[in-house]
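Below is a short report on selected local features of one protein model. Look at the sequence and structure first, then read on.

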Amino acid sequence: MAVVLCVGLVATMCGIASSRPAVSTSPGAAGAPPSADTDLFGATGWQAMLGWLRSEHGGTVVVGATVYPTYARIEIVEPDDARHTRRVAYPPRSGASDLTGNRKLDGPLVDLAGVDDAAVRALLATAPERLRVSDPTSTYVLFGFPTRPVDQIGVYVANEHRQSGMLTATVRGEVLSVSPVEG
């Protein structure tokens, strides 16, 4: 059952990533790169997101987060009932509806402030080559959720040819496994 859930989550996340406009993290790629304030993979953008979580949601401990270069979807615990969660967007968008859910009280939580963001940036810089994804058009990092230990992250890279790879690492940047494009 856990394998089916994991496969379903990865398939869903890949579908979501491919349904978003392509955002390249490659230097020199077409299109304007994110600014320092909006590049969530950069130190300034990462710290701005953490500051927003602290001020708007009382801290950086979350159920999970999917972070793209210019936006993130974060699942937080409702402050009035730890059994309930709410998905929020960063940067906040007007008209974006929050999705709600439930969680086990003993379910894992991840503290995004405990992530070595410099190590994650180093992983992101080498991920396309490690994963053998040429001309990447989508990159994101998955933190937490029931299928991933709180001290691990998933780095996903894909291109317009639907070639994708994933690597698993610790929140300190130590690579645990690599699933590159085959062929």
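Asp117 counts as buried because its relative accessibility is 17%. Here buried means under 20% relative accessible area, exposed means over 50%, and partly exposed lies in between (1.4 Å probe, protein chains only). The model is predicted: local features need pLDDT of at least 70, side-chain atom pairs count only at pLDDT 80 or more, and totals for chains, interfaces and linings use all residues. Residues are numbered from 1 along each chain as its sequence is written, and side-chain values use heavy atoms, with hydrogens and water left out.

**Salt bridges**

A salt bridge is a side-chain nitrogen of Lys or Arg within 4 Å of a carboxyl oxygen of Asp or Glu. The structure holds five of them, including those in the table.

| Glu78 | Arg86 | 3.0 Å |

Asp117 and Arg121 are both in helix α3, four residues apart, which is about one turn of the helix. Helices (H or I, at least four residues) and strands (E, at least two) are DSSP runs, numbered from the N terminus. Arg121 has 26% relative accessibility, so it counts as partly exposed. Glu78, at 17%, counts as buried, whereas Arg83, at 44%, counts as partly exposed.

**Strand β9 and its partners**

Strand β9 (residues 164-170) is largely enclosed by the rest of the structure, because six of its seven residues are buried. Two strands pair if DSSP finds at least two bridges between them. Strand β8 (residues 152-159) pairs with β9 in the antiparallel sense over seven bridges; one of the bridge partners in β9 is Gly165, which faces Val157 in this pairing. β9 also pairs with strand β10 (residues 175-179), again antiparallel, over four bridges. There, Val175 in β10 is the bridge partner of Ala169.

Four residues lie between the strands in the hairpin of β8 and β9. The hairpin of β9 and β10 also has four residues between its strands, and Gly173 in that turn has a positive phi of about 95°.

**Backbone angles in loops**

Most residues other than glycine have a negative phi, and most peptide bonds are trans. Which residue in the loop between β8 and β9 is treated here? That residue is Arg162, with a positive phi near 60°. Arg162 counts as exposed because its relative accessibility is 69%. Arg132, in the loop between α3 (117-130) and β7 (136-144), also has a positive phi near 60°. A cis peptide bond joins Tyr90 and Pro91, with omega about -5°. Pro91 is in the loop between β4 (84-90) and β5 (99-102).
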